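Me: Could you take me through one part of this model closely, namely the charged side chains that pair up inside it? I would enjoy a connected account that then sets them in the rest of the fold.

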Amino acid sequence: MLYALLLPWAREFSELRLLNYITFRAGAAFVTALLVSFVLGPAIIRRLRAMAVHQVVREGTPDTHAGKGTTPTMGGLIILAATFIPVLLWARLSNRYVMLAMFVTAWMGGIGFLDDYLKLQQKRRGEKNRGLVERYKLAGQVICGLGLGTYLLLFPISTLPGASTTLPFFKYVLLVPVTASLAWLYIPWVTFILTGVSNAVNLTDGLDGLSSGLVAIAVTTLGLFAYVLGRKDTSAYLQVFYLLGSGELTVFCAAVVGACIGFLWFNAHPAQVFMGDTGSLALGGAVGAIALLLKSEFLLLFVGAVFFAETVSVILQRSVFKYRKRRYGEEYAKANRVFRRAPLHHHFELLGWPETQVVVRFWILGILCAILALSTLKLR
């Protein structure tokens, strides 16, 4: 909005020419996101407390989390406000990369909001807090993935084929379907990535500051990729594919990072508020959408390695438990779990690590994975 309003005045006021630079607008979006978080955060938290929108402690969570049942949730509203307001102010809203990323984030955030809202209503009625039925939540995520995949297939937003992706370490290697009929397989691929990443971030959201910090690290990395891929000079120098217009995603990424850090101010241990599904699904959708738009889905194996490990721990825990229960009985299965508790962060808690130690160490792992991801720009 500010970009569109102020840029025509650049001839009269030379300082406004800074709006032409993505780096300036990304920095402005980051600062604006922080300010929005600090200004709106306390008001939203007070409102959530007044409405008694409290966190639902998940079954199987360590006993040390029992006191968190009175902490307000749905703090993802802070993240959404601190993301969208800066993007609307500083990004070029005619850019399809930005609009698609915003759409996916809003859609996933809407699903999460509905889930959190239903949990609140069920709690007030004295019912079990199940929230949105799991299959309906999954259906909403799948619909978003199908919609994004179909759009990218039919209306490519870059010079590369719509149904295509790249591989880390293999520069100028583009994976495309062999035949046109196989191109439609790109749609379920997009759906799988988007659904998987959003649920992975949701599963990781179990400790104070864990998800918001890891998402900030991941999106910072993806933002650097967006900037590099969106410039002819840097993409040519690093010998990677040039994606016309993708540089504008840097502004969106900066807003997300600023929103996460601003939210972390209130979510750091001991947390004043939790993001809930409103925030975790929205952030997961944002990470997945950015990677898909940059045709860097396989980069998520590095950028999102901690999220991937958390998800695998849950899948492995459940699968092995069901197998052992069927083969040896429930008592044996409970006594011989793969992890003490899943997701993985709870396992380390029960090993005796303090919550803050688990969070910081997972952040360190996230930073190391981000450095590895960035190394793919140079290594081949």
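Reply: Happy to. Let's begin with Asp277 and Lys137, which form a salt bridge whose closest N and O atoms are 3.1 Å apart; the term stands for a side-chain nitrogen of Lys or Arg within 4 Å of a carboxyl oxygen of Asp or Glu. This pair links distant parts of the chain, with Asp277 in helix α10 (residues 276-293) and Lys137 in helix α5, 140 residues apart. Helices here are DSSP runs of H or I with at least four residues, strands are runs of E with at least two, and both are numbered from the N terminus. Asp277 and Lys137 are both buried, a word kept for residues under 20% relative accessible area, while exposed means over 50% and partly exposed lies in between (1.4 Å probe, protein chains only).

A word on the model itself: it is predicted, so local features need pLDDT of at least 70 and side-chain atom pairs count only at pLDDT 80 or more, whereas totals for chains, interfaces and linings use all residues. Residues are numbered from 1 along each chain as its sequence is written, and side-chain values use heavy atoms, with hydrogens and water left out.

Lys137 has another partner: Asp115 forms a salt bridge with Lys137, and their closest N and O atoms are 3.3 Å apart. Here too distant parts of the chain are linked, as Asp115 belongs to helix α4 and Lys137 to helix α5 (residues 134-154), 22 residues apart. Asp115 counts as buried because its relative accessibility is 0%. Asp115 also meets the side chain of Lys119 in a salt bridge (3.4 Å, N to O). Those two both lie in helix α4 (residues 96-124), four residues apart, about one turn of the helix. Put together, Asp115, Lys119, Lys137 and Asp277 are linked in a network of salt bridges. The structure holds six salt bridges.

Now for the surroundings. The protein chain has 15 helices and two strands, and 52% of its 380 residues are buried. Among contacts (heavy atoms within 4.5 Å) with a separation of 6 or more, 75% are between residues 24 or more positions apart.

The largest nonpolar core has 99 residues, and those with the most contacts inside it are Val215 and Phe252. Such a core is a set of buried Ala, Val, Leu, Ile, Met, Phe, Trp, Tyr and Cys residues joined through side-chain atoms within 4.5 Å. Leaving aside neighbours within four places in sequence, Phe252 is in contact with Thr83, Val87, Ala101, Met102, Thr105, Ala286 and Ile290. Thr83 and Val87 are among the buried residues of α3, a helix with 11 of its 15 residues buried.

Beyond its neighbours within four places in sequence, Trp363 is in contact with Gly209, Leu210, Gly213, Leu214, Ile217 and Leu264. Trp363 and Ala216 are 147 residues apart in sequence, yet their C-alpha atoms are 9.8 Å apart in space. Leu368 also has its place in helix α15 (residues 355-375).
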